[in-house]
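Let's take a walk through this structure together, one region at a time. Keep the 3D view open and turn it as you read.

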Amino acid sequence: MSQLPLLSLLIWLPMLGGVLALFAHGDAHANKARWIAIITSVVCLSLCVPLWMHFDISTAAMQFTEHDAWIPQYGMVYSLGVDGIAMPMVVLSTFTTLVVVLASWQAIKVRVAQYMATFLIMQGMMVGVFCALDSVLFYIFWEAMLIPMYLCIGMWGMENRTYASIKFFIYTFFGSALMLVAILYLRIQSGSFSIMSFYNVPLSMPVQILIFFAFFLAFAVKVPMWPFHTWLPDAHTEAPAGGSVVLAALMLKMGVYGFFRFNLPIVPDASNALSWMMIVLSLIAIIYIAFVAIGQTDMKRLIAYSSIAHMGFATLACFIIYLVVNRLDNIQDAYMSLEGAMVQMISHAFSTGAMFFGVGILYERLHSRYIHDFGGVVNTMPVFAALFMLFAMSNVGLPGTSGFVGEFMIILSAFQASFWIAFLAATTMIFASVYTLWMYKRVFFGKITNPAVSEFKEIHGSEYAVLVILAVFVIGIGIYPLPLLNVFHASVGHLLTLSQVSKLGVVLS
Amino acid sequence: MNTLILLSLIICIAPMIAAIIIGLVSKRVGNTIAHSVTTVSVGIAFILACYLAKLVFIDNQVANANVYTWALSGAFQFSVGFLVDKLTALMMLTVTFVSLLVHVYSIGYMRGDAGYARFFSYISLFTFAMLMLVGANNFLQLFFGWEGVGLVSYLLIGFWYQRESANQGSLKAFIVNRIGDFGFILGIAGILSYFGSLDYATVFQAVPAVAANNTMLGLTQHWQVGVISLIAILLFIGAMGKSAQVPLHVWLPESMEGPTPISALIHAATMVTAGIYMVARLSPLYEYAPAALSFILVIGATGALFTGILAIVQNDIKRVVAYSTLSQLGYMVAALGVSGYSLGIFHLVTHACFKALLFLAAGSVIIAMHHEQDMRKMGGLWRYLPVTYICFLIGALSLSAIPPFAGFFSKDAIIDIIRNSQMPGSSYAYACVLAGSFVTAFYVFRAFFMTFHTDCRVDATVREHLHESPGVVYWPLIILAIPSVIIGGLLVNGLALQGDLLGSAITVLPTHSAALRLEDDYSGAWAMLAHAYLTPAFWLACFGIVVAWFCYMSQPHIPAWAAKRFSLLYRILVDKYGFDSFNDWFFVRGTRNLARFAYRIGDVKLVDDFMVNGSGRLISWLSSVTRRVQSGYLYHYALIMIVGLLLLMIWLAK
């Protein structure tokens, strides 16, 4: 295949595009900025085609790797690569940005250039997070990513945006400070900044626990896990629709990705010992947060809480593997759990992303996010209502939609771990339908009570295109998830092996 | 691909394609195209289902094959595939037959409705989901169909989305069904966990071994339960939701907010019988779960009697039929509880015919009455609606189990095997189903008399336009009336007496089958008819009709008097035993309050205000303190240095 440094291109091309777009500032050049953005994202997405096609699903090794000298004095290497866990996330990031650009074609009318630039730059950084094999590189992308999101909320947000953006920034920044300490410690132990080299470092239990918590804070804030979650509803409600989509579809996934990349393989014994804590926190997210979601009056806040509950499934799946393997003594049975977590993340990106778009579309028409301001939207926007119903059903986990696949696999795995974990996790079957469909009923069904709703125009153009594309993915993954699962398989197997090999035995050698 | 598999694939896909086409272009096509495309596709499905039935029943073919692999994860494989045996063929035939008639009927019933095309798209989609459910060869696809029919049911109950009551009803139906599905998915998880596969064939083969090992699952340290019983009960909880068994029955009466053809197709003939089908299909599993069977028996029998009683106080014609459906589902479930799987399916088939007939006849009345459903405003309609009148009468006689109508054969056989059963709980169940025969006859003839006889209480304006419904409406009635009369006698040998029509699709352990042998005088359909007068159920049913005649025709003041005389009982019945009030108070309000509490106290106060902003406040407080420390006064620094030195010395000296 071609020797193009695909991953580097996927990181730096959008950043370049972003900088270019900035030159087209001023409302007179709005269209120029839009075109730059869309061309950049289309090019990036087309670069994902060879990435997907040439990806070898039979190996867990890193692929498309690039190693270049970076800061040799400190042993930092510009090293990139993707495996079956990272590659889909890279494609997802690229895809989501294109969708955001498309969706904001009509919606954003002020500071278009800056808006497009923000998202393009953010895309580059997020791809960087998923590709980085050097821990410092990872850390830099991880932190740098916060800046465009901070700006996005702060500049295009709603009335309470300052509070939300600062809360978002402090929260996530604070979370990752300790991660740097852990990275430095691991560098001293392993003699390299390469993440892969961390996998072989023997560590005693107390050290593992400390490192676990250092990473845990960073990732738990991002996921977000209870009780580190309160930044998310604020950030979501204040962010513009595009910001919410990126937040939900991609940023939250980085937390789980972090657990995959760092906690499970680097500190397997601590992960095993603390799995009960992670399971409890995940179950709290699934049940308690679902209740909180039922009580919401603001659509965006409701979907934000629903996101937390859904991500609870992904974190649950990460840590029940220890119970499954301990009980059945068979690593084969634990595949379903981690693969379920991967599908859950990707599916959540499509369905929740689409729901945030949907709310954005409604917001644009009424300038309200409150459920009680709507009612009877189906009368004026039947096509939109039908599409939104599909995404709501995916959120509810209806078979045939992508939302079902992950939930189904995780609940089935949870039963293998323990009946009661499955029992508690499966309550989502009830609660998710309560908060999602109750909201749907109040917003879409009924007679029109607010005269403004009768003026609503049906979705058209880019709004329509974006929702249809997302709908195709939601149904496609729901009906035939096998190709997606095949991509994960080898890497998940490798991760499972790493997560089960104790690092205690070889300590003090 | 095997012919049977290919056939069932086409049978399933045809309605789906029609549903998608009409769903996508519903705005742009006329009503004629909408109903032609969907009706023809279901017609094709029906014809192919007939052919399939011929291959299966006459040529004795069986097939089990996967169509594609849905997912592959570690040791587990999930597929989409079909198991075509006699049970599947019979169900496909029933589903496509009723669905086709309902399609035709809807052409008349839905005429002029704004959502005409959408309606046809939905019912075709429903047919697809239901066929996937009955055709599945594994639990995953079963669950797909299971949830698919639930979705369409939700959409159709809320079809008239401008009505608040319809929206309430659809939401309630979905959530209550989801409570059942909560058990169902846990049951499926248990299957995978203990059998390592979701394919019926693999699971059924492994059941005896797991049962012999007496595998236990520890729910707590001291509480061990048998795995098979646990799984069987969990799966049955799903059936309780879908087949509306007490206490998850509360959604079915409210499903009547949907258009009447839907009530006939989904909420009487097919979808609600999915639970019965599921238990029958899983008979190899349920046979090894005697505790679950007793549970099923008691739940079913309770529903059979007590929901039937509720029908007596309803004044809405559709609700009477809806409560009757609850009661009849109870009969089917009770039959399953004594291992009478083929009897459960037998009653399912006869019920599908006569209940669809009753609903469609009620719908015909409703059209004629300009969408008035209150029987107190009807009366004397036989004069205006002769065809509907006859059809309703046939349905009512069949429902009341009067020989020789279809319902007689299936219901009488069920009552008889429950009498013979030694299952724990069977005496209670027998009392319930026997008393139910009286109740059934009483409520359905009460509705019959109130609607078609007695004085005409119809509005003068409506009365001027009263006339028989158009042909697309009454022809389906006539076509349904035929099996409502004859199908019982035709199938009784295969499904009740010899019980071999379904062949290997049903497994009954020898210890259980002893009780299934009916009395010697049941040596054939004719003999059964000839001996009908010997059964108490027959006399109770006749008595029910007579009492209904007496109370509503002969002495019409009795009902009002009885309502006053037994006002407490009457109020309990009108209040539906308080299920709805309790659910509203406990679950709906409880959930809302808990949600508000979780958000306001848990999230806003505790986590956000106390912990998050609290740490923010703590930091600013700390910084103000430390700022004070850096006062700039030299003696402050000196003091701190001395204190620090002292502490250090103390620590070192230790």
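## A hairpin in chain B

Start with B:Thr69, whose bridge partner in β2(B) is B:Ser79. Keep in mind that you're looking at a predicted model.

How many residues sit between β1(B) and β2(B)? There are two, and the strands form a hairpin. In the turn you'll find B:Gly74, which has a positive phi of about 60°.

## Chain B as a whole

Now zoom out. Chain B holds 27 helices and four strands, and its C-alpha trace spans about 115 × 65 × 60 Å along the principal axes. Of its 654 residues, 56% count as buried. Take the contacts in chain B with a separation of 6 or more: 80% of them come from residues 24 or more positions apart.

The domain assignment gives chain B domain 1 (289-552) and domain 2 (579-653). Their C-alpha centres lie 67 Å apart.

## Where the chains touch

The contact between the chains takes 45 residues from chain B and 43 residues from chain A. On the chain B side, β1, α5 (139-157), α6 (164-195) and α26 (579-629) each supply at least two residues. Which element of chain B gives the most to this side? It's α6(B), with 15 residues.

Sort the chain B residues of this side by type and you get 27 nonpolar, eleven polar and seven charged.

## The largest nonpolar core

The largest nonpolar core has 454 residues, and A:Met116 and B:Leu357 are the ones with the most contacts inside it. Helix α14 (residues 299-328) of chain A gives the most to this core, with 20 residues. From chain B, domain 1 (289-552) and domain 2 (579-653) each put in at least three residues.

Have a closer look at A:Met116. Leaving out residues up to four places away in sequence, A:Met116 touches A:Ala21, A:Ala33, A:Arg34, A:Ile36, A:Ala37 and A:Val101.

## A helix in chain A

Next, find helix α20 (residues 428-444) of chain A. Its 17 residues reach 23 Å from first C-alpha to last, close to the 24 Å expected at 1.5 Å a residue. Is α20(A) mostly covered or mostly open? Mostly covered: 14 of its 17 residues are buried. Just after α20(A) comes A:Gly446, with a positive phi of about 90°.

The peptide bond from A:Val223 to A:Pro224 is cis, with omega near -15°. A cis peptide bond also joins A:Trp226 and A:Pro227, where omega is about 0°.

Two other residues have a positive phi without being glycine. For A:His367, phi is about 55°, and this residue lies in the loop between α15 (335-366) and α16 (377-380) of chain A. For B:Ser339, phi is near 70°, and its place is the loop between α14 (317-337) and α15 (341-368) of chain B.

Is A:His367 buried or exposed? A:His367 counts as exposed because it has 10 C-beta neighbours inside 10 Å, and 12 or fewer is the cut-off for that label. B:Ser339 has 28 other C-beta atoms within 10 Å, so it is buried.

How values were computed. Residues are numbered from 1 along each chain as its sequence is written. Chains are lettered from A and ligands numbered from 1 in the order in which they are written. This is a predicted model: local features need pLDDT of at least 70, side-chain atom pairs count only at pLDDT 80 or more; totals for chains, interfaces and linings use all residues. The expected span of a helix is 1.5 Å times one less than its number of residues. A residue is buried if 20 or more other C-beta atoms lie within 10 Å of its own, exposed if 12 or fewer, and partly exposed in between; C-beta atoms are placed from the backbone. Two strands pair if DSSP finds at least two bridges between them. Two residues are in contact if their C-beta atoms, placed from the backbone, lie within 7 Å. Ala, Val, Leu, Ile, Met, Phe, Trp, Tyr, Cys and Pro count as nonpolar, Asp, Glu, Lys and Arg as charged, and the others, Gly among them, as polar. A nonpolar core is a set of buried Ala, Val, Leu, Ile, Met, Phe, Trp, Tyr and Cys residues joined through C-beta atoms within 7 Å. Domain bounds come from an automatic or database domain assignment.
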